[in-house]
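Thanks for coming, everyone. Please have the sequence and the structure open while I talk. I'll go from the whole chain down to single residues.

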Amino acid sequence: QKEDVPDAMATTGTTIAQWVNGSGPGLQGPQGLPIFKPPYNRLSAYDMNTGERLWWIPVGQTPAELRERFRFDEPYQRHETGALAADGYFAHLREVLALDCDAPAVQAGFNAILIGEIRETAQLLGKMGVPCYAISNTNPGHLGEMERIVPQLLPRFTRVFASHEIGHRKPDPGAFDFVLREVGVPAAEVLLFDDLEANVEGARAIGLQAVLVRSPADVREALE
């Protein structure tokens, strides 16, 4: 081999890896999520005599920066009240978070924040002996994903009131008023469990009993 050929071992003394230009996390796994951990883009410095990498720094946004950019903003709330379709909201997310990916990839990441049921709390539902209703701030994508990953959860409830279907989000009084009208029960006879203090306070403000939940023990103790 000629010594002036860049890829020749004689030029550098080592084998030079071939590079492919591209962006993003590359190979994807289940639900369109990336297999490799970030950072997905790096700026690297190599010693051209040895081929060794001397240093590298991440290029792009850090997870902390993405968290800072993500907000329960006006488009988010419109999406959860059925006023903004998924395509419109995901386009908003791509712009706000500076994401270089298509809508299915955004949705896969958006759905990844969901977790399974809290088993101890779910088991309590079957022992209550009274109608149990769910009122949830959610959206069509998340509701569908919940039905997929925990198919046994939602059927435990007498009825599920989803914010995007009723047009109101907790702690909006309209959300609680809608449910009360539908179930036909006075506010004072309803007990709400919620993990957000604002929702608990909103429910109490219109006469519901409400418990702030931090663990399954809070639910168990309130029912004893």
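**From the whole chain to single residues**

Start with how the chain is connected: among its contacts between residues at least 6 apart in sequence, 45% join residues at least 24 apart. Contact here means heavy atoms within 4.5 Å.

Now the ground rules. This is a predicted model, so-called local features need pLDDT of at least 70, side-chain atom pairs count only at pLDDT 80 or more, and totals for chains, interfaces and linings use all residues. Residues are numbered from 1 along each chain as its sequence is written, and side-chain values use heavy atoms, with hydrogens and water left out.

How confident is the model? pLDDT is the predictor's confidence in each residue, from 0 to 100. The chain's mean is 81, and 78% of its residues reach 70 or more. Confidence is lowest in helix 1, residues 9-12, at a mean of 44. It is highest in helix 8, at 98. Over residues 1-23, pLDDT stays under 50. For that stretch the model has 22 contacts beyond four places in sequence.

Next, the overall make-up. There are eleven helices and six strands. Both are DSSP runs, numbered from the N terminus: helices are H or I with at least four residues, strands are E with at least two. The chain has 224 residues, and 28% of them count as buried. Buried means under 20% relative accessible area, exposed means over 50%, and partly exposed is in between, with a 1.4 Å probe and protein chains only. The chain exposes about 14,600 Å², and carbon and sulfur atoms supply 55% of that. Those areas come from the Shrake-Rupley method with a 1.4 Å probe; for residues, only the protein chains shown count as cover.

Go to helix 9, residues 173-183. Which of its residues are buried? They are G174, A175, F176, F178, V179, L180 and V183. Their cover includes strand 3, strand 4, helix 8 (163-166), strand 5 (191-194) and helix 10 (197-205).

Look at both ends. At the start of helix 9, a side-chain oxygen of D172 comes to within 2.9 Å of the backbone nitrogen of G174. That is a polar contact: a pair of N or O atoms within 3.5 Å; within protein, one must be able to donate a hydrogen and the other to accept it, and residues adjacent in sequence count only if both atoms are side-chain atoms. After the helix comes G184, with a positive phi near 70°.

Now the largest nonpolar core, with 16 residues. A nonpolar core is a set of buried Ala, Val, Leu, Ile, Met, Phe, Trp, Tyr and Cys residues joined through side-chain atoms within 4.5 Å. I135, F161, F176, L192, A203 and L208 touch the most other members. Helix 9 gives the most to this core, with six residues. Take I135: beyond four places in sequence, I135 touches F161, K170, A175, F176, V179 and L192. Another core lies apart from this one, with ten residues, including L125, L143, M146 and V150.

**Aromatic rings**

How many aromatic pairs are in the whole structure? Nine. Rings of Phe, Tyr and Trp (its six-membered ring) pair if their centres lie within 6.5 Å; planes under 30 degrees apart are stacked, over 60 edge-to-face, and the rest tilted. Y133 and F161 form a tilted pair, 6.1 Å centre to centre with 40° between the planes. Y133 sits in strand 3 (residues 133-136) and F161 in strand 4 (residues 159-162), 28 residues apart. F161 is buried because its relative accessible area is 1%. Y133, at 35%, is partly exposed. Elsewhere, ring pairs link F70, F72, Y76, Y89, F90 and F110 into a cluster.

First up, H79 in helix 3, residues 74-80. Buried or exposed? H79 is buried, at 2% relative accessible area. Its side chain reaches the backbone oxygen of L84 at 2.9 Å. Beyond four places in sequence, H79 contacts L84, A85, A86, Y89, N139, P140 and H164.

Then Q107, in helix 5, residues 103-111. Q107 counts as partly exposed because its relative accessibility is 30%. The C-alpha atoms of Q107 and G141 are 7.7 Å apart, across 34 residues of chain.

Last, N111, also in helix 5. N111 is buried, at 9% relative accessibility. Beyond four places in sequence, N111 touches G141, H142 and E145.
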